[in-house]
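Look at the sequence and the model first.

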Amino acid sequence: TACSSKFVLSKVHPIWQGPLAVPGGDCQSPIDIVVRKSVFDSKLKPLVTNYDPKSCQQIWNNGYSFLVEYDDSTDKSTLKGGPLQETFRLCQFHFHWGECNSWGSEHTVDRRLFPAELHLVHWNAEKYSQFEDALVEDNGLAVIGVFLKIGKRHEGLQKLVDALPAIRHRDSVVEFTHFDPACLLPPNITEYWTYHGSLTTPPLTEAVTWMVMKQHIEVSHDQLAVFRSLLFTAAEEEVQKSMVNNFRETQPLRGRTVRSSFT
Ligand SMILES: Cc1ccn(O)c(=O)c1
Ligand SMILES: [Zn+2]
């Protein structure tokens, strides 16, 4: 089956058309986190999230993943601490996943793949006035990555899973409110790896401080199957394509150091 060999996202997907490589990009994401080469940094503080469920606005299919979007016009849902010097605002979270449970994550840990990976995307509201400006600047974005494993049903995720059939096709959007993204974080967010990297989708800009959680969360097989029922394609398109394998391959480390908040 296709599951036996690693499936590389075919570069025919629309978002990968156009200038792909960032000219001279040597801080690209995702990466393989080689645990024994990460460097403990005792100065890394605990991450402090302060998310307001009332700032949750909508969920939509952008043709590559589904995004849960938050009102980031004020400091309602914020992230600070860890390696960050400023306060960052949550603007959206989304996932990357495979066509089967053998792969799907973007980051890997000692080459280990997970079935899916959650990304909580924040932007530096102290330095920039909007996400689009932060997108192209150093220290503009902070993304928390959380690995998903197949196990028991994730009760907090179910509200999101139930909304997915309504956004099956590209560009569909539905109202989605009162969702606390903190429920998707693992119990322990004091143990993470952090490094300087990029967006994993075009424009692939190297604006991201990544914080990848060591502890994963569990979701059920059936919950992840609903992710796979989404489509990359719009309603009017002839050939429907399942939204699966929406991850980027790991990129060269190029001499970067991955720091850990734990020994
Ligand atoms: C801003 C942005 C865009 C795409 N992805 O995958 C991310 O993780 C973050
Ligand atoms: Zn992502």
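The text below covers a metal site and then aromatic rings.

This is a predicted model, where local features need pLDDT of at least 70, side-chain atom pairs count only at pLDDT 80 or more, and totals for chains, interfaces and linings use all residues. Residues are numbered from 1 along each chain as its sequence is written, chains are lettered from A and ligands numbered from 1 in the order in which they are written, and side-chain values use heavy atoms, without hydrogens and water.

**Zinc site**

Three histidines coordinate the zinc ion (ligand 2), at 2.0 to 2.1 Å. Donors are N, O and S atoms within 2.8 Å of the metal (3.2 Å for Na, K and Ca); water is not among the atoms, so sites may look incomplete.

| Residue | Donor atom |
|---|---|
| H94 | NE2 |
| H96 | NE2 |
| H119 | ND1 |

Along the chain, the donors follow the spacing H-x1-H-x22-H. H96 lies in strand β7 (residues 88-97) and H119 in strand β9 (residues 116-124), so this pair ties together parts 23 residues apart in sequence. Strands are DSSP runs (E, at least two residues), numbered from the N terminus. H96 counts as buried, at 1% relative accessibility. H119 is buried too, with a relative accessible area of 1%. Buried means under 20% relative accessible area (1.4 Å probe, protein chains only).

**Aromatic rings**

The structure holds 11 aromatic pairs. F66 and W97 form a tilted pair, 5.7 Å centre to centre with 45 degrees between the planes. F66 lies in strand β5 (residues 66-70) and W97 in strand β7, so the pair ties together parts 31 residues apart in sequence. Both F66 and W97 are buried.

Terms used: Helix = DSSP H or I, 4+ residues; strand = E, 2+ residues; numbered from the N terminus. Buried < 20%, exposed > 50% of the residue type's maximum accessible area, 1.4 Å probe, protein only. Phe/Tyr/Trp six-rings, centres within 6.5 Å; stacked < 30°, edge-to-face > 60°.
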